[in-house]
Amino acid sequence: MSAPTVPNGRTGFRGNGPSYQDLLDLDSKPVPASLRRDEPGYFGDADIPVERYLSREFHELEKARLWSRVWQLACREEVLAEVGDTEIYDICDTSILLVRAEPGPDGIKAYYNACLHRGRALRDERGHVDELLCAFHGFCWSLNGRLKRVPSAWDFPQVKPGKFQLPEVRTGTWGGFVFVNMDPDCEPLEDFLGELPAFFDRWPLEDRYTRVHISKVLKVNWKVAQEAFMESFHVITTHPQLLPGFADANSQYDVFGNVSRAVSARGVPSPYLSWAPDEQQRLNSQIDQRMDDPPILEVPAGSTARKTLAQAARRSLGSVVDPAYVESLTDAELVDSYYMTVFPNMHPWGGFNQITYRFRPYRDDHQSCIMDVLLLSPFQGRRPPPATERRLSSDEPWRGAVDELGSLARVFDQDEFNLEAVQKGLRTTRKAGVSFSVYQESKIRHFHHLLDRWLSDPPAEDDRHLSGGPAGFAAWRVKKKVAPWLTVPSAQVRPLCRSTIWRTLARPMPVPENSRVLCRRWNGWNSLCAYAGSKPAPLSRT
Ligand code: FES
Ligand SMILES: [Fe+2]
C-alpha cells in the first residue's frame with residue numbers, strides 16, 4: 001500500500017478526496033483566516049482504558065478533580081436577564097443556584113444551592129424572586145447572598161449575619177453563556193477559553209436567543225454520549241442518508257488549547273460513495289427531502305448544491321440580520337458543520353448552524369447522563385424570551401421533539417441507537433481499551449489527554465488532608481485499568497498516589513505524617529500503600 005499523501009502540503013487531513021482546505025479554495029467569498037487554520041492535534045495511538053467509562057472510582061475522581069475545579073457551562077445569560085431571575089445548574093451531587101443580583105456584566109452570582117440552616121436546596125427550579133427564601137423554615141437571604149431574616153432569631157444565638165453569607169461559586173460569561181467554577185483559585189475564564197472567542201467573532205452567539213432547549217437522560221456514561229458527537233467518522237454507518245451531500249471522510253480536525261474543532265463540508269459527496277450523486281441529490285440529502293414530497297429547494301442550472309444551500313441561508317438570514325454582513329459570509333460559514341468542543345463538555349457549533357450540546361453525569365450516577373440540545377437563533381428587534389427546557393423521557397424518541405428539532409430529531413435517534421449498545425459492549429468486552437483513530441477521532445483523544453491532566457493534577461489542599469493522622473499502615477487498591485498514569489516510576493507516583501487515594505475513595509483514611517508510598521502489583525491490581533516506619537509485610541488478600 002502506498003503511503004498517504006498530504007493534500008497541498010497541508011498538515012491535518014490524510015484521507016481520500018479533496019481536503020477541507022481544498023474546498024475552501026472554491027468558495028464564492030474571501031475565506032476568513034480562522035477557517036484557514038489547519039492545526040491537528042496528535043495524541044498518539046494508545047488505547048483509552050475502558051474502565052473510565054464504567055468505574056465508580058473514576059467517576060469519583062472526575063468529581064474531585066474535574067467538576068469541582070473546571071470552568072463549565074451552567075446556563076444562558078438571557079435566562080438571567082432581569083434582577084431576581086434564578087436558574088439551577090446541577091452537576092453530580094452539587095447543585096448551584098444562579099441569580100441575577102444586579103444589572104450589568106458582573107451582576108450574576110452563583111451560590112451553592114443549600115440553605116445554611118438545615119441544608120434544604122434554596123431553589124428547586126428556574127424562576128424569578130425578590131429574595132432567596134428557604135421553603136423549609138424561612139431563613140432568607142438577599143440576592144447578594146447576605147442573610148436578611150431568621151425566624152425565631154432569639155433561638156439562634158450562634159447565627160451572625162457575617163457568618164451566614166451564602167458561599168459563592170465563581171462565574172464568568174462568554175458568548176451569552178454563563179460559566180461557573182467551584183474552585184476559588186481557578187484561572188480566569190478568559191484564560192481557560194483561550195482562542196475560542198476569536199473563532200466566534202463572525203458568529204456572535206451572544207446575539208442569538210435560545211429558540212429550543214431539549215434535554216434527555218441517556219443510560220450511558222456521559223463520555224460515551226459526548227464522544228458520539230465529536231467526529232464525522234460514524235456518518236458512513238450511522239447516518240448513511242447524509243452521504244450524497246456530506247464530506248465525512250474529508251473532515252478537518254483541529255486543536256487549540258482547551259478547544260477542539262471539527263469541520264465537515266456539506267453539499268459535496270462523501271468519498272466513500274461508489275456512485276456519483278448529481279447536485280440535486282447532494283442537496284436533497286442535506287435538507288431531508290422526501291422522495292414523494294414536493295421539492296423544498298432546487299439547484300438552479302449551472303449552480304451547485306453547496307452554492308444553493310449558501311444562497312438559501314443568505315436569504316433566510318438576510319431577513320433577520322444586517323444584509324451587508326450576510327453578503328460577506330462565505331459559503332462555508334453558511335453551510336458547513338463546525339462543531340467545536342470546549343473542554344470538558346460544551347459543544348458550541350460555529351457558522352450558522354444553531355446547535356450547542358452539553359453532556360454531564362445525571363445526578364451522581366456514572367452510568368447515566370443528561371444531553372442538552374440548545375438551538376440558538378438570530379433575531380431582529382427585541383430579544384425573544386428564551387425557551388424553557390423540555391426534558392424528553394428516557395423512552396421517548398427524539399422524534400417526539402420533531403416540531404422543535406426538525407430533521408435533527410431523526411439524526412439524534414440514529415445516534416442514540418448506538419449509545420446503550422456501546423455502554424453494554426464496554427461492560428462485556430475483555431479488551432482493556434478503546435482504539436480511537438489517530439486523526440478522525442483526535443478530538444476525543446484531545447479530550448482524554450486533557451482529562452488525564454486534570455485527574456492527575458492533585459488539588460493543592462491534599463497534603464493538608466493527609467497530614468497528622470495516627471501512625472500506622474493503610475493500603476488501598478486502585479484498578480490498573482482505571483488510571484494507567486499511576487504506573488509511572490515511584491518517584492513521580494508518590495504525590496499522585498497520596499492524593500489519588502484520598503480523592504478516589506472519598507472516605508478519610510488516616511495516613512501518618514511523613515509516610516511513604518509504595519506502588520506494586522498485587523492480584524492484577526496496582527496497590528498503593530502508604531506506610532510509616534519500617535516497610536510493611538507484603539499484602540495479603542482481604
Ligand atoms: S432548612 Fe432552610 S430554613 Fe430550615
Ligand atoms: Fe451522529
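**Strand pairing and a helix crossing**

In strand β9, Arg149 is the bridge partner of Cys140. The structure is a predicted model, in which local features need pLDDT of at least 70, side-chain atom pairs count only at pLDDT 80 or more, and totals for chains, interfaces and linings use all residues. Residues are numbered from 1 along each chain as its sequence is written, while chains are lettered from A and ligands numbered from 1 in the order in which they are written.

Strands (E, at least two residues) and helices (H or I, at least four) are DSSP runs numbered from the N terminus, and two strands pair if DSSP finds at least two bridges between them. Strand β8 (residues 140-141) pairs with β9 in the antiparallel sense over two bridges. Both belong to an open, antiparallel sheet of three strands in the order β7-β8-β9. Here β7 (132-133) and β9 (147-149) are the edge strands, each with a single partner, so one side of each has no neighbour in the sheet.

Turning to β5 (residues 108-112), four of its five residues are buried (20 or more other C-beta atoms within 10 Å of their own, with C-beta atoms placed from the backbone), so this strand is largely enclosed by the rest of the structure. Strand β4 (residues 94-100) pairs antiparallel with β5 over five bridges, and Leu98 has Ala110 as its bridge partner in β5. Two bridges also join β5 to the antiparallel strand β10 (residues 168-174), where Glu168 stands opposite Tyr111.

Among the helices, the axes of α3 (residues 56-67) and α14 (residues 442-456), lines fitted to C-alpha atoms over the stretch in contact, come within 8 Å and cross at roughly 85°, on a scale of 0 to 180 degrees between N-to-C directions. That makes α3 roughly perpendicular (65 to 115 degrees) to α14.

Definitions and conventions
Angles under 35 degrees count as roughly parallel, over 145 as roughly antiparallel, 65 to 115 as roughly perpendicular and the rest as oblique. A residue is buried if 20 or more other C-beta atoms lie within 10 Å of its own, exposed if 12 or fewer, and partly exposed in between; C-beta atoms are placed from the backbone.
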